[in-house]
Amino acid sequence: MAEGIAWQNKDILFKILGQTYKEKSFASYGIDLAPIREFLPTELPKISANERSIDSLFLLEDSTYVIVDYESEYKRANKIKYLNYITRVLEKYHKENRNFNLRLVVIYTGDVQSAEPDFETGCLFLHTEQAFLSHIDGEGAFRAIREKLQSGIPLSDDDLMKLVILPLTISGPTGKQHMLERVVELAEQIPDEEQRIFTLSGVIVASDKFINRDYLEQLRRRINMTQLGRLYEKEKIEYGNQKAEATAKKVTKEMALKMLEEDVDIITIMKVTGFSEDELTELQKKTSITV
């Protein structure tokens, strides 16, 4: 069982994918949705500490939000997980928007032939839109894309979207792993840098729950030798800087609160912390301290 990509690494891949998903669609998966406007971060408020992150979250050109989850088996209990996902997205993005629209898409790997789309109980009705990758000829699609590359024919957006999920069209962990390795090798031959980066990033995120841990480490080392690797390292440094900045800000805020509690002169606090008087006033509103 794959343990999945550590959150900070997955977050970095999401940032890399952010622009390259733009204007692509899910048509090649058999799902009728508007083109993608934005690939959104999935770090949302959690219902419980042991809950997994949403696999993918998209904002479409028609302003619809779409949760996408990948499953290798059908479980009725997963509907509860989806309800948790929906709650978290609503908490972050709804903001009293009367026109807010959210759709839930479950993409089943080649292991699943059919599944019940709906869940109903007294107070709610949940409908999932489903795509069954078992209906895609993974081997045939792989050969067609490989032939295009060998012939020097540019790949279309549909080709790239198919490449990203090709490992999931195969049933069984061994088959998925083998196809994943083949897709990665093929992706490295794509001459267009942006398409190559999109495919390598996308296939890792889409196959996150199914990647063998040892191969994930091998793949990480291989990626570090590519342009994606350089982007990955750049994003990792920026991510670390943001975390350090957030930590420093938290420490400074705690220092300001402590000084306010001890009735230190406001000018002194401003000099030490760098906060403006307005910021300190806003800070003290959240406490019982009077500046």
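This is a predicted model: local features need pLDDT of at least 70, side-chain atom pairs count only at pLDDT 80 or more; totals for chains, interfaces and linings use all residues.
Reader: What does the secondary structure of the protein come to, and how much of the protein is buried?

Author: The protein has 10 helices and 7 strands. Of its 291 residues, 46% are buried. The accessible surface comes to about 15,500 Å², and carbon and sulfur atoms account for 48% of that surface.

Reader: Which residues have the most contacts inside the largest nonpolar core?

Author: The general idea comes before the case. In soluble globular proteins, nonpolar side chains tend to be buried together. Here the largest nonpolar core holds 46 residues, and Phe-26, Tyr-29 and Ile-107 have the most contacts inside it. Helix α5, residues 173–187, supplies the largest share of this core, with 6 residues.

Reader: What does Ile-107 touch, not counting residues up to four places away in sequence?

Author: With those residues set aside, Ile-107 touches Tyr-29, Ile-31, Val-68, Asp-69, Tyr-70, Glu-71, Ala-131 and Leu-133. For the protein as a whole, take the contacts between residues at least 6 apart in sequence: 64% of them join residues at least 24 apart.

Reader: In what order do the strands of the open sheet stand, and which of them are at the edges?

Author: The order in the open sheet is β1-β2-β3-β4-β7, 5 strands with mixed pairing. At the edges are β1 (36–40) and β7 (129–132); each has a single partner strand, so one side of each is left without a neighbour in the sheet. From one strand to the next, the twist averages 25°.

Reader: How many bridges join β3 to β4, and do the two run parallel or antiparallel?

Author: Strand β3 (residues 65–71) and strand β4 (residues 102–108) are parallel, and 7 bridges join them.

Reader: Is Gly-274 buried or exposed, and why?

Author: The general idea is a cut-off: a residue counts as exposed when its relative accessible area is over 50%. Gly-274 has 59% relative accessibility, so Gly-274 counts as exposed. Gly-274 lies in the loop between α9 (266–273) and α10 (277–285).

Reader: Leaving aside neighbours within four places in sequence, what is Gly-274 in contact with?

Author: On that basis, Gly-274 is in contact with Ile-269 and Glu-279. As for Ala-256, its C-alpha is 9.6 Å from that of Gly-274, and the two residues are 18 apart in sequence.

Definitions and conventions
Residues are numbered from 1 along each chain as its sequence is written. Side-chain values use heavy atoms; hydrogens and water are left out. A nonpolar core is a set of buried Ala, Val, Leu, Ile, Met, Phe, Trp, Tyr and Cys residues joined through side-chain atoms within 4.5 Å. Buried means under 20% relative accessible area, exposed over 50%, partly exposed in between (1.4 Å probe, protein chains only). Helices (H or I, at least four residues) and strands (E, at least two) are DSSP runs, numbered from the N terminus. Contact means heavy atoms within 4.5 Å. Two strands pair if DSSP finds at least two bridges between them. Axes are lines fitted to C-alpha atoms, for helices over the stretch in contact, and angles run from 0 to 180 degrees between N-to-C directions. Accessible areas come from the Shrake-Rupley method with a 1.4 Å probe; for residues, only the protein chains shown count as cover.
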